[in-house]
Amino acid sequence: MDAKDAGLITFGSAPLHGGELLSAMTPGLVDFIRPGLSPAAAALLAAGSCPGLDVVLTSASTREHWDDAAKALAASLTAGELRKVTDELSSE
């Protein structure tokens with residue numbers, strides 16, 4: 001049984017400027033995820049695209065960071081795109 005079947009809402013925390021995922025965001029990986037995003041936004045998009053995740057909790061210190069987060073989460077990665085990202089991350 002997964003969380004949705006149990007009637008639960010799933011939350012994920014995705015800090016924009018910290019965490020292990022951010023340190024993995026090379027320029028090539030950022031372009032692979034979605035060209036034009038900042039490394040922080042690319043990491044947020046990858047985290048926020050996880051299936052079964054209902055809500056992404058994030059924080060930002062400036063309006064620019066909030067805009068970056070909104071841009072990142074405007075269109076999730078498809079399941080196929082997310083698989084390619086995770087495959088790329090696991091090969092490093």
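Strands, labelled E, are DSSP runs of at least two residues, numbered from the N terminus. With that in hand, select residues 55-57: this is strand E2, and Leu57 belongs to it. Keep in mind as you go that the model is predicted.

**Stop one: a nonpolar patch**

Together, Ile9, Phe11 and Leu57 make a nonpolar surface patch of about 330 Å². Is Leu57 buried or exposed, or something in between? Leu57 has a relative accessible area of 43%, so it counts as partly exposed.

**Stop two: colour by confidence**

The chain averages 84, with 91% of its residues at 70 or more. Select residues 11-13 next: this is strand E1, where confidence is lowest, at a mean of 79. Then jump to residues 27-33, helix H2, where confidence is highest, at 92.

**Stop three: helix H4**

Select residues 63-73 to bring up helix H4, and show the side chains of Arg63 and Asp67, which both lie in this helix. How many salt bridges does a search of the whole structure find? The search turns up one, and you are looking at it: the side chains of Arg63 and Asp67 meet at 3.0 Å, N to O. The two partners sit four residues apart, about one turn of the helix. Side chains of opposite charge can pair when their charged atoms come close.

Finish by showing the surface around this pair. Arg63 is exposed, because its relative accessible area is 64%, while Asp67 is partly exposed, at 39%.

Terms used: Residues numbered from 1 in each chain as written. Predicted model: local features only at pLDDT ≥ 70, side-chain atom pairs only at ≥ 80, totals over all residues. Heavy atoms only, no water. Salt bridge = Lys/Arg side-chain N within 4 Å of Asp/Glu carboxyl O. Buried < 20%, exposed > 50% of the residue type's maximum accessible area, 1.4 Å probe, protein only. pLDDT = per-residue confidence, 0-100. Patch = residues over 30% accessible without salt bridge, like charges linked within 9 Å, V, L, I, M, F, W, Y side chains within 5 Å. Areas by Shrake-Rupley, 256 points an atom, 1.4 Å probe, with all protein chains shown as cover.
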